Amino acid sequence: MVPLVPPWVLRAAFARRLSVMYGTEVPAYTTLVEVAGQVNDDVLRDAGESAERLGSIERVTAERHGAIRVGTPGELWQAAQIFAALGMEPVGFYDLRDAAASAVPVVSTAFRPVLPEELDRNPFRVFTSMLTPADRRFFDADLEKRLTAFLERRELFPPELLEPAVRAEREAGLPQGQAERFLTLAVAAFELSPEPVERAWYAELEKVSAVAADIGGVTSTHINHLTPRVLDIDELYRRMEDRGITMIDRIQGPPRWDGPDVLLRQTSFRALAEPRTFRETDGGVTTGALRVRFGEVEARGIALSRAGRALYDRLVDGPVEEWTARFPGTERQLAVDGLGFFTYEAVTGRPRDGRRPPDDLAGLLAGGWLTARPIVYEDFLPRSAAGIFQSNLTDPGARDSAQTGTHYDQHGMSEAIGRTVHDPFELYAAQQNDSLARARRALGDIEE
Ligand code: OOG
Ligand code: NI
């Protein structure tokens, strides 16, 4: 039997090649990766072991997320097939249409590995947005019709790319030669196309939303940012500004504080003007520029339970004093209050002191029966995502808020993709509960 290149090796190779491609297309991204690497080295040197509490330095160094935008359920279905070949499944539903100040006409999910061991091998994830042309707040019936027709005519992913993707998913890998070709075509599908942009069509969509134009104004898709992970995002922000790269005005997500890092903190630099060719209404070709691709960086923290997330949502906009006063200041407290997710392990070497393990988690942790390791947040935050979209729009676009939008939810997204969209809270809870059940069994064994 020919040995197959397994999905995780394909995923790691895809992430690496995408990074090389994006670095040649967007040089400021390379600067971001360089600076992130230097910051990570410094943190590792100064903080030692605790720097790796939320992931090994190998994982963090290789870690990236990308973002793509597609136009139709059919295109989303195909993107999902390509990601399935790489061992990435849809997780989470994000509706970015009704974020008050920063609405964009898309609904989104993220493709990523779901098993902890797969995440450890390579956690590459892609935030994937789909245009919603039937949403009357953004598009009237006439524009919807023309937009849909335009999208139906284009082909983002050729059959030579989709066929091996189906095979890779079915057989859990590809033979070496096919893997090579698959990766080459997959990276090419996300490059910026040199095809001329229809000026008038692009401009018409841009009036509605720059995101609508970026998706539906061109005949291809492209990766619009690629994000490295950094261990100290405040330090990175300072160093980028020192290098003369203007970042957006803030770091999004939880505040910097002395307590545990939770969820996700992100910042970005604005999209750069890139030369593009345009087709004018008289048929002539001209050159111009578009700002569509940018750089972003992120720091990841502990995954929060639904209750933890609700507390986060209540506190995040308030004064930092309120956050400090009300948000748990230690990992132990996050665990005991049921606000954060952890994996638990029985302590086997615990000295025998005649005591029996208590039933409650607080007692088990306080008595040294269990150790807790944080589960890293592997997903996104809708408000930061909306902010990331927005930071790259020069014009907020036009919306008719008297109209109502089309309904979309996790279920509808699953139907569009033809695959189940996982609920991130359920994934984290299952991982936590499995570990706790194992730990309790182990404690039972130790006792006997
Ligand atoms: C995606 C924006 C969301 C993030 O990190 O929150 C995102 C986009 O601009 O297409 O990538
Ligand atoms: Ni992003």
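Visitor: Is β2 mostly covered or mostly exposed?
Guide: In this predicted model, β2 is mostly covered, since 7 of its 7 residues are buried.

Visitor: Which residues are on each side of it, I mean of β2?
Guide: On one side of β2 there are Arg-64, Gly-66, Ile-68 and Val-70, and on the other there are His-65, Ala-67 and Arg-69; they are all buried, and both faces of the strand are covered.

Visitor: Which strands does β2 pair with?
Guide: One is β8, residues 225-228, which runs antiparallel to β2 and is joined to it by 4 bridges, and another is β5, which pairs with β2 in the parallel sense over 6 bridges.

Visitor: OK, switching to the ligand: which elements supply residues around ligand 1?
Guide: β2 (64-70), β5 (125-131) and α16 (382-390) each give at least two residues to the shell, and the largest share, 4 residues, comes from α16.

Visitor: Which residues are around ligand 1, and how do they divide by type?
Guide: Among them are Ala-67, Arg-69, Phe-127, Ser-129, Glu-296, Ser-384 and Ala-385, and the shell as a whole divides into 6 nonpolar, 4 polar and 2 charged residues.

Visitor: Where else does Ala-385 turn up?
Guide: Ala-385 is also in the largest nonpolar core, which has 115 residues, and together with Phe-83 and Leu-236 it is listed as having the most contacts inside that core. Helix α4 (residues 73-85) supplies the largest share of this core, 7 residues.

Visitor: What does Ala-385 touch?
Guide: Leaving out residues up to four places away in sequence, Ala-385 touches Tyr-94, Leu-96, Phe-127 and Phe-380. Of these, Phe-127 and Phe-380 are also among the residues around ligand 1.

Visitor: And the whole chain, how many helices and strands are there?
Guide: The protein chain has 18 helices and 12 strands, and 43% of its 448 residues count as buried.

Visitor: Why does the radius of gyration agree with a compact globule?
Guide: It agrees because a compact globule of 448 residues would have a radius of gyration near 22 Å, and the protein chain has 23 Å. Along the principal axes, its C-alpha atoms fill a box of roughly 90 × 60 × 45 Å.

Note on methods. Residues are numbered from 1 along each chain as its sequence is written. Chains are lettered from A and ligands numbered from 1 in the order in which they are written. This is a predicted model: local features need pLDDT of at least 70, side-chain atom pairs count only at pLDDT 80 or more; totals for chains, interfaces and linings use all residues. A residue is near a molecule or strand if its C-beta atom, placed from the backbone, lies within 6 Å of it. Ala, Val, Leu, Ile, Met, Phe, Trp, Tyr, Cys and Pro count as nonpolar, Asp, Glu, Lys and Arg as charged, and the others, Gly among them, as polar. The radius of gyration is taken over C-alpha atoms; the globule rule is 2.2 Å times the number of residues to the power 0.38. A residue is buried if 20 or more other C-beta atoms lie within 10 Å of its own, exposed if 12 or fewer, and partly exposed in between; C-beta atoms are placed from the backbone. A nonpolar core is a set of buried Ala, Val, Leu, Ile, Met, Phe, Trp, Tyr and Cys residues joined through C-beta atoms within 7 Å. Two residues are in contact if their C-beta atoms, placed from the backbone, lie within 7 Å. Two strands pair if DSSP finds at least two bridges between them.
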